[in-house]
Amino acid sequence: MNGNGVKAAEKPKPAGKRPKAKIIRSCGYLERFEAAIISLDFYRSSMVTCRFAIPPSFPLGPEPESQTKLHQKFESAIARVVLEHPFLRVGLRGEHARKPAFVELEDIDFAQHIEWRSFDSAAAYEAQLCTLIRDRLDIKVPQPEDAPSWRILMLCVEDFVDVMFEWGHVHTDGISAKIFHEDLLRHLNSTGGGGDRNDVEAGVAPKEFNPETRILTIPSAIRRKLPPPLHALCKFTLSSRWAASTLWHELKPAPFRASSNADLLATWAPLKLTPYVTQYRHFSIDHPTLQTILSACREHKTTLTGLIQALAHVSLATRLDPKDARAFTGSTVLNLRPIIAAAEPRLQSKEVRSGALDLSRTMANFVTIADHEFDGAWVAKVREAAANMAKGEGKQEREGEGEREGGLTVPESLVWPVAESVRADLQKRLDEGTKNDMMGLLKFIPDFRTLLKDWTTKPRGHGVVITNLGVIDGSPSDKISNDAVEASSKWRIDRAIFSISPEAHGAAITICPVAVKGRELYISFDWLDCAVDTALVDGMTNDLEAWLRVLGRQK
């Protein structure tokens, strides 16, 4: 009772703790490996930023009500994507443990995962976009037990929204981000169940999502649904000779490693872990120029990835001192989904054989890697040719290939055969399927944290890694009507940028190409400031942009 004889209100009891989340399954080998990388702070974030053009019919304005409508339209569509993809709605228990596990989540608070920012001027926004991406790459995507491992930065600029989807590699990969954006576009262009044009504009939310509280409740019926780990979907067969040779190469002590194929190591980029500060650059190539480049690649029996690998290593060869780099090892990240889908039925799991799991539309972490050697003989020829052309001695050879202003510093005859050999490396990896793949060796590693720490005591192996997401379909999923009113209500994706924080223990420079169908190509470059000379990568970025534009002007 208080002094007036009125019973005082009781102090609210502290909210009870939620029961401990239930484990869905333990992480697979690749998932454990990725968890260890993030736990040790060797890597922090990956992102794909897609530009969504706001339809003319959408009621966009500066009023708070209009902005709220835009926010709810997107968040309702994102909620539908999350409900479709299990890895977007699970937590991770034991992120620093040897064997972490995925756990159920009852709900997801979008306020903790989605941030909105507005910009008045598109020109001012573009001027600071590179810096914004670089700064975000240094912010680790958390791997908590009580929330999923993704975040989204929504950047509203005039008549478009740049959706920056960031993820942790334990749960998903780059192809998953591509799937995310394509599915988000599909849901933006769907009625959400109402079937009425007003529903499209308003962004009808799924019943599990409350747009006011921004809480998405995960239905109990789907909380435990999760794709099996990679090694449960397909068998990775190994020949004893290849397994023994590869394990020795990866695990042998540093003195042996230094004396074996030493010229191929990236000793010009010392393996330093701190301070972890990312440097970042990107440039674009317009669609007509890109089509000319792709035509030239087909003519020379290679791909854009093969050409970029070749050009990147020409740049390194001409910019690094011969005593620091006599040869190079590069690598390319490969999407395992088509490889598993094409494997022999006896190697596939029941889910894959029956088609119950559509790998092509599954968000998960399904990647592997292929290596490429750029031997000392080729590097020496590149350096000699570059020196001769700088003196004017290569004039006849330049004229024979069609001399062009700002052209390559070496004859194209040194570039295309190497680009073709990179394509051959990748085709060999695809032809072998899941046989003798690095993923098959992961089961022999008892503790990935120990392995990664051991790697940091050895010279860096790879100079450049390319991870190419290919083409994102930015058109509405259905055919656009000839009716102008109908067409004006459709959302579309106008561009995409793929960016990755560097792996401190991995390749010195990461190159990430991605394009939107019918639109421009973006190529980004990422590296650790403490490990790689910024002037070197600035030079490489300028080289590749100039050389690709030159190749794209050829008839």
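I began with Asp 41, which at 25% relative accessibility counts as partly exposed, that is, between the buried limit of under 20% relative accessible area and the exposed limit of over 50%, with a 1.4 Å probe and protein chains only. I note that the model is predicted, so that local features need pLDDT of at least 70 and side-chain atom pairs count only at pLDDT 80 or more, while totals for chains, interfaces and linings use all residues. Residues are numbered from 1 along each chain as its sequence is written, and side-chain values use heavy atoms, with hydrogens and water left out.

**Backbone**

I looked up Asp 41 for its phi, which is near 65°, a positive value in a residue other than glycine; Asp 41 is found in the loop between helix H1 (29-39) and strand S2 (46-53), where helices (H or I, at least four residues) and strands (E, at least two) are DSSP runs numbered from the N terminus. Glu 158, in the loop between strand S7 (150-157) and strand S8 (160-167), also has a positive phi, near 50°, and counts as partly exposed at 47% relative accessibility. I then found a cis peptide bond between Thr 274 and Pro 275, with omega about -5°, and placed Pro 275 in the loop between helix H8 (254-259) and strand S11 (278-285). I looked these up because most residues other than glycine have a negative phi, and most peptide bonds are trans.

**Cores**

I turned to the nonpolar cores, each a set of buried Ala, Val, Leu, Ile, Met, Phe, Trp, Tyr and Cys residues joined through side-chain atoms within 4.5 Å. The largest has 149 residues, and Phe 74, Phe 110, Leu 184, Trp 268, Ile 509 and Ile 511 touch the most other members; helix H10 (residues 304-319) gives the most to this core, with 9 residues. A second, separate core of 16 residues includes Phe 119, Ala 122, Phe 160 and Met 164. Leaving aside neighbours within four places in sequence, I find Leu 184 in contact with Phe 52, Phe 74, Ala 77, Ile 78, Val 81 and Val 163, contact meaning heavy atoms within 4.5 Å.

**Sheet**

I traced an open sheet of 5 strands, in the order S6-S7-S8-S2-S16 and with mixed pairing, two strands being paired if DSSP finds at least two bridges between them. Its edge strands are S6 (114-119) and S16 (492-500), each pairing on one side only. The antiparallel strands S2 and S16 are joined by 8 bridges, and Phe 52 stands opposite Ile 493 in S16.
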